[in-house]
Amino acid sequence: MTTLKLSICIATYNRGKFISQTLDSIIEQMPPGVELVIVDGASPDNTSEVMAEYLTRYPAIRYYREQENSGIDRDYDKAVGYASGEYCWLMTDDDLLHPGAVGRVLEALNEEVELLVVNSEVRNTDLSVVLEPSRINLIQDKKYSLGEAETAFSELANSLSFIGCAVVRRDLWMARDRASYYGTLFVHVGVIFQSPPMARIKVIAQPQIIIRYGNAMWTARGFEIWMFKWPQLIWSFPVFSDQAKAAVCPAEPWKNIKKLFLYRAIGGYSIEEYRRFFSGSASVISRLLTLVIAVLPASLANFFASAYCVFLNRNARVGLYDLSRSRNATWASRFLTRFLKT
């Protein structure tokens, strides 16, 4: 197998509506020495038809359609397995690259790194509004050396919850435990930070990716993912101190009443989630507080959360966007989002 410098690896499912825009943003800037590997997890929509058109025009695309869906973690692992690049960029299937992004990544890979983290900006679903101009707050590129793994973990793990920012050396990926992280939804984080954590990390400060926020397949499972799955993963790494883990996220974020209230406001937390996660709690106070929030009128919670974002936390553009798109949204939150562009 000929080794290329970079494989852009995409795991996709039911993205026939969006994947063309993603592919166009990538293909138009791909130089020789770069391939595009796509694993389709048996999408029942028109993804295969869309891909058939691209395959006839672009020989640098390698498309693998699975017979059954095996989950996002396995599909990304398969994509890296199919790849022939020295590095694999774990790109997403509905986001876009800025012009020149591939060249910028290749330039950064001229240095010997194990992990390259690519900064991104966050926009709304139709990409018309910038919700967050930069996920990583850096003015210039940054490097982490062999002895700075804990610092890199505490500073980068939250940004790495977005898989599209990760460019990993393929041989390291293949040599590490991946199967233990199937089902976490963040297999790449497990691969990167398992013991020994990857060293020689570089961050590209200038955003190269446009994230299409609010379009994730897992949006409906957001409460379970961010209150339980993500913190369980972060706190599972024995090599890092509790202080470093706490800098990423609390071990039990659901104990934060403000967070619980926000999930109620956007419709992610209800009596169903209460029964599933909290009804068996040993603490009477905990059961009572979580129950009260679960039965609070969601539209009322949405109104107060929207007012909080506007009057007390004007930087919470992503939060206000979530509130306005919720089925519990009030006229107030929908009205206020009109000012997101200002």
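**Close-up views of a predicted model**

Asp 171 is partly exposed, with a relative accessible area of 44%. Buried means under 20% relative accessible area, exposed over 50%, and partly exposed in between (1.4 Å probe, protein chains only). This is a predicted model: local features need pLDDT of at least 70, side-chain atom pairs count only at pLDDT 80 or more, and totals for chains, interfaces and linings use all residues. Residues are numbered from 1 along each chain as its sequence is written, and side-chain values use heavy atoms, with hydrogens and water left out.

**View 1. Asp 171 pairs with Arg 169 in a salt bridge.** The closest N and O atoms are 2.9 Å apart. A salt bridge is a side-chain nitrogen of Lys or Arg within 4 Å of a carboxyl oxygen of Asp or Glu. Arg 169 is buried, at 17% relative accessible area.

**View 2. Asp 40 and Arg 65 form a salt bridge.** Here the closest N and O atoms are 3.0 Å apart. Asp 40 lies in strand E2 and Arg 65 in strand E3, so the pair ties together parts that are 25 residues apart in sequence. Helices (H or I, at least four residues) and strands (E, at least two) are DSSP runs, numbered from the N terminus. Asp 40 counts as buried, at 0% relative accessibility. Arg 65 counts as partly exposed, at 38%.

View 3. An α-helix has 3.6 residues a turn, so residues three or four places apart point the same way. Glu 107 counts as partly exposed, at 48% relative accessibility.

**View 4. Helix H1 packs with helix H2.** Their axes come within 10 Å and cross at roughly 25° (axes are lines fitted to C-alpha atoms, for helices over the stretch in contact, and angles run from 0 to 180 degrees between N-to-C directions). Contact means heavy atoms within 4.5 Å. From H1, Ile 19, Ser 20, Leu 23, Asp 24 and Ile 27 make the contact; from H2, Val 50, Met 51 and Tyr 54 do.

**View 5. Arg 15, Asp 93 and Asp 94 are linked in a network of salt bridges.** A search of the whole structure finds 19 salt bridges.
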